[in-house]
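I began with the strand pairing and then turned to the cores.

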Amino acid sequence: MISSAYHNTGTPATGQGAPGKRPAQSPVSAQRDGVTRRPGRRDTVRRITTVLLIPLAFCVLIMAASAVDVNNSSMSTTTAGTNLTQAVTTTSSSGSSGSYTGVSQVTTSTTTAATGSSTGSGLSVTKTTLDPEVLMPGDSGTLTIVVSNSGNTAVDYTRATLAGSSVTTMDSTQYASGGSISPGSTMQFIFPIQAGTRVGVQYPEFVLNLDSNTLRYPVAVKVSDTNLAVSVASQPDAYVQGFKDSIVLSIGNPRQNSVNGIQIIPSGDGSTISPGSIFIGALASNSEISKTFSVTPSREGNVTFQVSFQNGLNVHTASLTIPVTFSEDKTQADLLISDTVITQSAGVTHITGNVNNAGLKDANGVVVTTGGTGTPVDPYKQAVIGSLAANDFSSFEVTFTDRTNSASVPLVISYKDANGNSLTRTVTVDIKSSTSNMTAGNGGAPSGSAPSGAMSPPGQRNGIVGTLTGLALPIVAVLVVIGGAALYIRRRKR
């Protein structure tokens, strides 16, 4: 008796069917261990999972490509920002040759010294002071030298002098009679001095003659010919005869010491300048200040600004001359009339349209009215628009009568610039046609449309990756439906 249809080796038994062949099985069932089984839930899940893996893998590839693209964009932006930060840091750490170096250039006028003591006398120079701190060539100043006696006995001196460089003393006899310095006390030796023409650090020598020896001490005196820096911070692009405009002066002090009594006095050949003078006062080392003057030229010429200041008690001047030549100001407001519509009723003509500012500056106090043979009448004798910014426009409406029945009427536009100068512009309008359009053409883009070549907003994806990302979900849905249908048909066939 045959106990099983199969041996453990998988070889078919010889008791059933043809020798050497496996018994036939139903397409929807299998015989295993004598029991006929149908495909279970596990087989169905395995088939469905296999069908879904393909679209899911496709989705993963698309998302990975999108992530790589986003990371590349972020890295590019981060790199650009880093480069910009490095550029700004480099610019901040660098300096031009003409810039002030700040506190590092400032020197004190007081020097404390422990050298120069005379042997066995206990005398030493402990302090020197120069007023002003830095002299200009030819300047006079005051040099104060403090001598201390650290000994226990008084020390007598016979004479005190200062000599030995281009800086000379203006009174060499004031300490010729000698004197005495008590123990534990100090004495000031004050010398009026004058700088020569040599610039740099000079070392006049202080000499104190004692009974048995001499105290010598070289004193550092700075002489600099650096003057105040006077420059134009702002001026008109063009000067127009009879038109008021502004000039802004910048006064800088590049010296190593402060100056005082600064005053600016302007003068002009054929120009009216206001104010007539400006007093600034003191100006610290390595600092600057700006002042504004109004200039109204009546003819071409020069405008000169003379800056006077004091270095101690010494008066110095610096000046700046600006040439004034007339030319056309291409940055002023430029008002035009466009889109005019003309209607007539009961002998009164109505004109409506737009006033356009095609210039680079704002126009203030804009008013539109009619001129020539056109007599303004109510209700719109004139159109008051007010301020009109550059590249802006405003509508207007005027009414007038014309007994001569002229074929055209001049529209007069009056306005003021930023300095209060009054200007006018006249535009002739043909009133015989019902509609008169003064505009040559409108090249602007439609309202709300994006300019040509504009970049996509942040986060918007372009190209093949963005397209595939947008189609990912529909593709997955279609593949799932196809896979499900294929599985259903396959099971029906079985």
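How many bridges join strand 6 to strand 11? I found 6 bridges between strand 6 (residues 155-163) and strand 11 (residues 205-210), which run antiparallel. The model is predicted: local features need pLDDT of at least 70, side-chain atom pairs count only at pLDDT 80 or more, and totals for chains, interfaces and linings use all residues. Residues are numbered from 1 along each chain as its sequence is written, and side-chain values use heavy atoms, with hydrogens and water left out.

Entry on the sheet. I took strands as DSSP runs (E, at least two residues), numbered from the N terminus, and as paired if DSSP finds at least two bridges between them. I then looked up Thr-161, whose bridge partner in strand 11 is Val-207. The open sheet has 4 strands in the order 8-6-11-12, with antiparallel pairing. Strand 8 (179-181) and strand 12 (214-218) are its edge strands, each pairing on one side only.

Entry on the cores. A nonpolar core here is a set of buried Ala, Val, Leu, Ile, Met, Phe, Trp, Tyr and Cys residues joined through side-chain atoms within 4.5 Å, where buried means under 20% relative accessible area (1.4 Å probe, protein chains only). The largest has 26 residues, of which Val-147, Phe-189, Phe-191, Ile-193, Phe-206 and Leu-208 touch the most other members. Strand 6 gives the most to this core, with 4 residues. Apart from it I noted another core, of 24 residues, including Ile-273 and Leu-320.

Key. Buried means under 20% relative accessible area, exposed over 50%, partly exposed in between (1.4 Å probe, protein chains only).
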